[in-house]
Structure formats: C-alpha cells, structure tokens
2 protein chains.
Amino acid sequence: MENKEGIIGMYTAADGTQWLSDPEERFGFRANWKVNRILHRVVSDYQEVAVVETEGFGKTLVLDGIVQTTEKDGFIYNEMIIHIPLATHPRPSDVCIIGGGDCGAAREAVKYPSVRNVDMVEIDPEVVKASRKYLPEVAGSGEPDPRIRFHYEDGTAFIRRRRDAYDVLVVDSSDPVGPAKVLFERPFYEDVHRSLKEDGIMVCQSESPVFHPDVLSSVHRTLKDLFPVVRTYLAAIPTYPGGVWSFTLASKKHDPLLEGSERLQEDGNRYVNRDLFESCFRLPVYVKERLQKR
Amino acid sequence: MENKEGIIGMYTAADGTQWLSDPEERFGFRANWKVNRILHRVVSDYQEVAVVETEGFGKTLVLDGIVQTTEKDGFIYNEMIIHIPLATHPRPSDVCIIGGGDCGAAREAVKYPSVRNVDMVEIDPEVVKASRKYLPEVAGSGEPDPRIRFHYEDGTAFIRRRRDAYDVLVVDSSDPVGPAKVLFERPFYEDVHRSLKEDGIMVCQSESPVFHPDVLSSVHRTLKDLFPVVRTYLAAIPTYPGGVWSFTLASKKHDPLLEGSERLQEDGNRYVNRDLFESCFRLPVYVKERLQKR
C-alpha cells in the first residue's frame with residue numbers, strides 16, 4: 001500500500017515546488033506548507049497516514065491531509081495536554097491516553113515519577129509506526145518507556161469497560177470529524193467520568209477558539225454537567241490554523257487554579273514552565289464570553 | 001490611480017475563486033485567504049494600499065500584499081499594543097503613535113481619561129483614508145476623538161525633534177522591510193528615549209517569536225541597553241502567520257509586573273482584561289531562552 005503519489009491536500013505549484021494545503025474551508029482559509037520531501041505514505045484501515053518534510057517545520061505527520069504534529073512545534077501540544085493535568089493531580093499513578101498515536105503525549109507523561117502505568121489507546125497502529133520511525137523528535141527514540149502499554153483499539157470501547165481505573169485520562173484526538181467525532185460527545189464523557197478514580201482528572205483538546213468556538217463551548221458545557229471543576233486553557237501552536245488552541249480540563253476534585261505549580265516537571269520542557277501553568281487559564285475576553293454563553 | 005486589478009499576492013484559483021496569499025517565504029509558509037470582494041486599491045507614494053473582504057475575517061487592510069488588520073481580529077493587536085503601556089503608566093497624558101494608520105490604536109488610547117493628546121504620526125495618508133472609509137470596525141466611525149492629532153510625515157524625523165514630550169510612545173509599524181526597517185534599529189530607539197518624559201514608556205510590535213525570533217531578540221537586546229525595564233509580551237492573533245505575536249515594552253521607571261492591573265480600562269474590550277494584563281508577560285520556555293541568549 002506504500003505509494004508516494006497523491007497525498008491528500010498536496011499539490012504542485014506552477015514553478016514545480018510541492019505544497020501541502022491544510023484548509024479551514026468554512027473560513028476560506030488555507031495554510032500552505034512547502035514540502036521538500038515525502039517520507040512516507042500508507043492508507044490504513046482508518047485513514048491516509050503520511051509523513052512529509054516541510055521547509056519551515058521539518059518532519060510533519062499528516063492524517064487525511066490534516067497536519068497533526070511537526071518536528072519543530074509538536075512539543076507545544078504534547079507538553080500542554082500532559083503537564084497541566086499531571087501537575088494538577090497530587091500523585092498521578094494510572095494514566096490513560098485516548099489517541100495520541102504520535103507518542104509525544106505518552107513520552108511527556110512518564111516524566112512524572114509517580115506514574116506507574118500509561119495505557120495508550122490508539123485505534124490506528126500505522127500512526128504509531130510512522131511516528132516512531134520518522135518522528136523520533138516527537139515520539140522519542142529507542143524503545144518506549146516500559147510503563148507505556150499500547151492498545152490498538154477503539155478508545156470508546158476500551159474506556160467503557162473501565163471503572164475507577166485512572167488518575168488522569170487524556171483525550172488526544174484529531175478533529176471532530178470521522179472516527180474522532182464520538183470523542184466530543186456526552187456518552188463518551190460519561191464513560192470517561194466512570195473510568196476515573198474518585199479524584200480523577202480528564203483533559204481533552206477542544207479545538208480552535210477562533211475557527212471552532214462552537215466545539216469548544218459545547219465540550220465545556222457538557223463537561224460542566226458532569227464534573228464540579230472545568231477549566232479551559234490555551235496554547236499558541238504555530239502550525240494549527242489560527243495559531244491558538246484550546247484544551248479543556250475536567251476534574252472530580254483537584255482544581256489547577258488552587259493546586260499551584262509546585263509539582264510541574266520542568267526538566268527538558270521547551271514550552272511549559274511554572275509561569276505558564278498558571279497563566280494558560282487566563283482567557284481573553286472573547287473566549288471567556290463564549291464560554292459563559294449557554 | 002484606482003485600479004481593481006492586480007492586488008499584490010492575489011490570484012484566481014482554477015475554480016474561479018479569488019485568493020490572497022500572505023507568504024513567509026523563508027519558512028515555506030503561505031496563508032491563503034479567500035477573497036469575496038475587492039473594496040479598494042490605490043498605489044500611494046509609499047505602497048499599495050488595498051481593502052478586500054475575506055470570507056473568514058471580513059474586511060481586511062492589505063499593504064503591499066501583507067495582511068495588516070481585519071474586521072474580525074484587528075481588535076486583538078490594537079488592544080494589546082495600547083492597553084498594556086497605558087495601564088502601566090500611572091497617569092498617561094501625552095501619547096504618540098508612530099504608524100498605526102488603521103487608527104485602531106489611537107481609538108484605544110483615548111479610552112484613558114487622563115490622555116489629553118495623541119500624536120498620530122503616519123507617513124501614508126492613504127492608509128488612514130482607506131481605514132476610516134472601509135474599516136470603521138477597526139478605525140471607529142464618525143469624526144475621530146478631538147484629542148487625536150494626525151501628522152502625515154516620517155515618524156523618525158518627527159520623533160527626532162521631540163524632547164521630554166511623551167508619557168507613552170507606541171511604535172505600531174509594519175514588518176521591518178522597506179520604510180519600516182529603521183523603526184527596528186538603535187538610532188530610532190535612542191530618539192524615542194529622548195522624546196519620552198522621565199518616567200515615559202515605549203512599546204513596539206516585535207514580530208513573530210516563531211518566524212522572526214531574530215527580530216524579537218535584537219529589539220529586546222537593543223532596548224535593554226537603553227532602558228532599565230524591558231518586558232516582552234505575547235498575544236494570539238489568528239491572521240498573523242504562526243498566530244502568536246510579540247510586543248516589547250521598554251520603560252524608564254514603571255514596571256508592568258509591579259504596577260498591577262488596577263488602571264486597565266476594560267470597557268468595551270474584546271481581548272484584554274486584568275487577567276491578561278498580568279499573564280501576557282509569562283513566556284513559554286522557548287521564547288524565554290531566545291531572549292536570554294546574547
């Protein structure tokens with residue numbers, strides 16, 4: 001199935017240069033990345049999995065034509081989705097990651113010495129294979145930490161079978177289209193709630209507050225119905241459209257705004273530090289207003 | 001000179017739709033915006049001044065093919081470049097804005113009741129004319145506040161003649177190419193320093209920390225040589241490449257980190273609130289490291 005032609009969204013310009021176009025069609029916006037090399041393309045049971053080398057951001061993982069993570073800025077997303085919940089929990093031991101096939105989130109999670117077990121539930125083994133082979137800058141090189149266990153199955157089915165199992169559950173999904181759509185809906189969040197221990201915390205990526213404010217506010221509202229503590233935070237991710245991305249943390253007990261940043265593991269971080277642990281929750285007026293609307 | 005053909009960076013796609021392409025050539029990145037209508041184009045003595053209506057961000061001011069401000073997100077830049085220094089100064093009275101032809105910065109400045117005079121020094125009257133006519137969402141509608149005085153001349157020459165004149169000086173420039181290049185260099189900052197009162201504050205836009213970290217660190221270093229207090233802050237601006245933008249504040253006395261946010265005018269703001277006044281100075285690891293390098 002290896003085929004270096006026809007990656008979704010790629011085109012050749014009049015001058016012969018190759019480009020990858022990542023569109024937000026509803027907004028008439030297209031981010032175009034100049035591609036110097038195609039490293040990998042495979043069509044899995046779920047999607048087209050490609051790795052290309054872009055001029056600006058180096059090796060780039062692309063699923064069905066949508067940029068997922070890059071050599072140069074992948075650390076921002078992975079640090080933000082992991083360190084905020086893990087530093088909020090006083091002693092995270094059992095962690096589950098739904099999605100996260102680029103392996104970068106799992107790699108950050110094992111920086112916390114209290115973590116004994118990371119269940120990584122990724123539906124598509126081809127994403128893990130491609131990331132480990134071509135993107136060690138994100139996935140890490142060599143054998144993965146033995147605390148990480150890979151489960152190649154549907155995250156919704158996996159989590160439905162778990163009770164009081166996790167301290168922290170991370171929904172590291174792609175956009176709410178196709179297979180990832182259910183990961184943004186209430187039945188899934190109810191299962192997540194049951195899968196968490198009595199002081200458990202979940203976090204999900206909740207899309208762009210600029211391009212998808214409807215997704216962000218719907219996630220926030222649904223989680224508010226289920227958890228006593230719900231906090232949205234932002235990060236600046238250059239390769240995501242609009243450059244600003246939201247995450248939403250929902251917690252049965254611990255509140256990041258009260259916990260402080262003392263437990264944050266900063267070693268080797270390139271984005272998150274203690275300052276950011278506190279400031280990422282401070283939202284601009286337009287985001288705050290959107291979350292307050294019901 | 002009105003001509004609706006040939007706006008720099010615009011092209012027609014195979015399906016007949018029109019697009020504006022805003023490139024960061026060194027990074028092989030092009031942000032393409034679908035254009036529904038061309039509202040204005042004039043070639044002034046300095047540049048091509050155009051206003052187009054984009055599908056995603058509404059009316060958009062474009063100078064020599066580079067997106068400057070839009071109906072939908074122009075408020076972010078203008079609030080951030082004005083409210084941070086004006087709320088840092090205990091009683092700003094005399095304000096100077098170099099550039100800022102879209103008039104949005106001046107409009108924010110007069111929200112501070114202590115402000116008696118805003119000298120707006122824009123080299124190109126065509127930018128002011130186009131913004132006031134086509135972009136009232138940014139420039140404001142009706143007659144400008146009488147405290148704003150327009151000076152259509154070279155900002156460097158203007159500021160060279162001033163001594164102890166301003167409480168706050170704002171360098172609201174375009175990118176450091178062409179006429180704006182000198183606004184990023186030491187001789188200009190020395191003149192700015194002299195033009196400020198003994199507790200004066202200046203702020204400038206210091207480009208993208210992702211695409212132009214060299215500009216940011218050079219501005220930061222130069223200002224450090226001249227002012228005792230230098231603080232870089234960030235904002236998330238969706239239509240600027242990479243989505244995250246830096247500003248650098250340099251002050252003879254007042255430090256925003258010590259002043260607190262009590263004087264911030266929040267009325268009608270859509271981005272800046274008190275939370276952000278404090279958190280915008282908290283920088284990710286990779287930006288901090290860049291600024292610490294000499």
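Tutor: A residue counts as buried when its relative accessible area is under 20%, as exposed when that area is over 50%, and as partly exposed in between. Please keep in mind that this is a predicted model.

Student: Is S195(A) buried or exposed by that rule?

Tutor: S195(A) has a relative accessibility of 0%, which is under 20%, and therefore counts as buried. This residue belongs to helix α6 of chain A.

Student: Which residues does S195(A) touch?

Tutor: Leaving aside residues up to four places away in sequence, its contacts are I159(A), R162(A), R163(A), D164(A), A165(A), Y166(A) and L169(A).

Student: How should I read a salt bridge, and which residue pairs with R194(A)?

Tutor: In general, side chains of opposite charge can pair when their charged atoms come close. Here R194(A) forms a salt bridge with D191(A), with 2.5 Å between the closest N and O atoms. Both residues lie in helix α6 (residues 186–195) of chain A, 3 residues apart, which is about one turn of the helix.

Student: Are R194(A) and D191(A) buried or exposed?

Tutor: The two partners fall into separate classes. R194(A) is partly exposed, because its relative accessibility of 37% lies between the two cut-offs. D191(A) is buried, because its relative accessible area of 10% is under 20%.

Student: How is an interface described, and what area is buried between chain B and chain A?

Tutor: The size of an interface is often given as the accessible area lost when the parts come together. Between chain B and chain A, about 3,200 Å² is buried, and carbon and sulfur atoms give 59% of this area. In chain B, the residues that lose the most area to chain A are R30(B), R282(B) and V285(B), together 19% of what that side buries. As for contacts, 39 residues of chain B meet 39 residues of chain A.

Student: How many salt bridges and polar contacts join chain B and chain A?

Tutor: There are 4 salt bridges across this interface, including one between K288(A) and D275(B), whose closest N and O atoms are 3.5 Å apart. The count of residue pairs in polar contact between the two chains is 18.

Student: Which element gives the most residues to the side of chain B that touches chain A?

Tutor: That element is β3(B), with 6 residues. The residues on this side of chain B comprise 21 nonpolar, 8 polar and 10 charged.

Student: How does β3(B) pair with strand β3 of chain A?

Tutor: Strand β3 (residues 29–43) of chain A pairs with β3(B) in the antiparallel sense, over 5 bridges. Within this pairing, A31(A) has A31(B) as its bridge partner.

Technical notes:
Residues are numbered from 1 along each chain as its sequence is written. Chains are lettered from A and ligands numbered from 1 in the order in which they are written. This is a predicted model: local features need pLDDT of at least 70, side-chain atom pairs count only at pLDDT 80 or more; totals for chains, interfaces and linings use all residues. Side-chain values use heavy atoms; hydrogens and water are left out. A salt bridge is a side-chain nitrogen of Lys or Arg within 4 Å of a carboxyl oxygen of Asp or Glu. Helices (H or I, at least four residues) and strands (E, at least two) are DSSP runs, numbered from the N terminus. Buried means under 20% relative accessible area, exposed over 50%, partly exposed in between (1.4 Å probe, protein chains only). Contact means heavy atoms within 4.5 Å. Buried area is the accessible area (1.4 Å probe) that two parts lose on being put together, summed over both. A polar contact is a pair of N or O atoms within 3.5 Å; within protein, one must be able to donate a hydrogen and the other to accept it, and residues adjacent in sequence count only if both atoms are side-chain atoms. Ala, Val, Leu, Ile, Met, Phe, Trp, Tyr, Cys and Pro count as nonpolar, Asp, Glu, Lys and Arg as charged, and the others, Gly among them, as polar. Two strands pair if DSSP finds at least two bridges between them.
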